[in-house]
Amino acid sequence: MDTRLLTATDADLAAAGGHLRAGRLVAFPTETVYGLGAHALDDDAVGRIFEAKGRPVDNPLIVHLADAEGLERLAIPTPLALALAGRFWPGPLTVVLDARPGVPRRTTGGLDTVAVRVPDHPVAIALLREARVPVAAPSANRSGRPSPTTAAHVLADLGGRIDAVVDGGRCVIGVESTVVDARGDVPVVLREGAVTREELGVVGEHDGTAPAGSPGTRHVHYRPSCRVEVVTSDRISDRARALADAGERVGVLASGAVPTGVEALGRFAGPGELAAMLYGALRDAEDAGLDVVVVEEVPEVGVGRAVMDRLRRAAD
Ligand code: TXA
Ligand code: MG
């Protein structure tokens with residue numbers, strides 16, 4: 001299969017919307033990462049997502065809508081879900097609710113719940129409007145790999161396996177949406193993400209975290225072909241130098257200057273900047289043939305929680 005590279009023109013977006021309606025796979029940008037879209041109510045189309053990604057069938061998909069209006073047709077909204085949608089949509093918050101019977105169990109990974117979000121990206125919204133159907137979209141990487149934040153990343157993983165990718169430039173946020181169970185009275189965080197616990201009002205020891213997390217958090221994830229080490233800022237230089245002295249090709253992602261003899265993959269001023277560059281830097285490290293990437297730990301507050309969650313999984 002030839003993967004068409006589309007742009008964010010009206011004509012291309014209309015064509016891409018038609019592809020989605022017809023059951024084909026179209027990758028597209030969101031504010032978090034690129035998604036691999038398919039008609040969420042078309043069982044065969046959804047099946048193609050799992051095939052193209054090599055994704056375990058028990059890992060459910062997030063359904064994307066152009067606006068909150070379509071929510072009632074997919075899920076049974078709760079007062080909490082409506083409040084969260086009002087506050088955070090469009091945006092990087094995904095709500096899990098009881099699913100309507102019309103949502104294929106392939107989309108929900110066999111569960112009776114469905115995850116829904118409205119992305120905050122003009123290209124995504126325009127495409128979803130053109131598609132006129134709900135669009136299931138996991139991150140557009142091969143299963144287990146770092147999520148893509150450019151169209152080139154999508155093509156590197158899925159070129160030849162999907163019908164099209166809409167190039168909308170680089171994703172601004174760089175880590176995925178926060179997934180919350182919104183069936184009860186308080187949001188329960190199933191996956192840390194771009195909307196922070198501080199913003200959700202769930203911080204502290206017994207803060208409404210489901211011990212099991214979302215099904216996806218059980219699987220291998222975010223892992224590049226090189227090793228990843230996470231170290232504190234005071235140890236970055238020594239560790240990078242020791243690895244380089246041992247003959248390894250080393251890359252560094254840190255807030256400060258890097259020692260000579262190691263590759264500078266990026267310099268960030270805080271967790272938000274690290275989020276925006278992390279997945280791309282891991283892919284750059286692979287492309288440069290590095291053996292190991294040393295990343296500076298960030299404090300686990302705000303979006304730092306999501307970043308450290310992804311880093312631990314990448315390093316695992
Ligand atoms: O930012 C994002 O969320 C991106 C963009 C493309 O929207 N999408 C994304 O999808 O990260 P994916 O498939 O890589 O991650 C979806 C996560 C998984 O951890 C999955 O287990 C969880 O959402 N999830 C989906 N449906 C669920 C459900 N019904 N119950 C619990 N968790 C669910
Ligand atoms: Mg993913």
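A: Strands (E, at least two residues) and helices (H or I, at least four) are DSSP runs numbered from the N terminus. The model is predicted, so local features require pLDDT of at least 70 and side-chain atom pairs count only at 80 or more, while totals for chains, interfaces and linings use all residues. Residues are numbered from 1 along each chain as written, chains are lettered from A and ligands numbered from 1 in the order written, and side-chain values use heavy atoms, without hydrogens or water.

In the shell around ligand 1, strand 7 supplies the largest share, with 4 residues. Strand 4 (62–64), strand 7 (113–117) and strand 11 (188–191) each contribute at least two residues to this shell. There are 26 residues around ligand 1, each with a heavy atom within 4 Å of the molecule. Those that come nearest are T32, N59, H64, S177 and G216.

An N or O atom in the side chain of H64 lies 2.6 Å from a ligand oxygen. For N59, a polar side-chain atom is 2.8 Å from an oxygen of ligand 1, and for R117 the corresponding separation is 3.0 Å. The protein covers 98% of the 680 Å² of accessible area that ligand 1 has on its own (Shrake-Rupley, 1.4 Å probe).

Attention may now turn to other side chains. E31 belongs to the loop between strand 2 (26–28) and strand 3 (35–39). E31 counts as buried because its relative accessibility is 6%, the limit being under 20%, with over 50% exposed and partly exposed in between. Its C-alpha atom is 26 Å from that of C226, 195 residues away along the chain.

D157 is buried because its relative accessibility is 10%, and its side chain makes a polar contact of 3.3 Å with that of R145.

The count of aromatic pairs is 1 (ring centres within 6.5 Å; planes under 30 degrees apart stacked, over 60 edge-to-face, the rest tilted; Phe, Tyr and the six-membered ring of Trp). Y222 and Y279 form this stacked pair, at 5.8 Å centre to centre and 10° between the planes. The pair links distant parts of the chain, 57 residues apart: Y222 lies in the loop between helix 7 (197–200) and strand 12 (227–231), and Y279 in helix 9 (residues 271–287). Both tyrosines, Y222 and Y279, are buried.

Conventions. Buried means under 20% relative accessible area, exposed over 50%, partly exposed in between (1.4 Å probe, protein chains only). A polar contact is a pair of N or O atoms within 3.5 Å; within protein, one must be able to donate a hydrogen and the other to accept it, and residues adjacent in sequence count only if both atoms are side-chain atoms.
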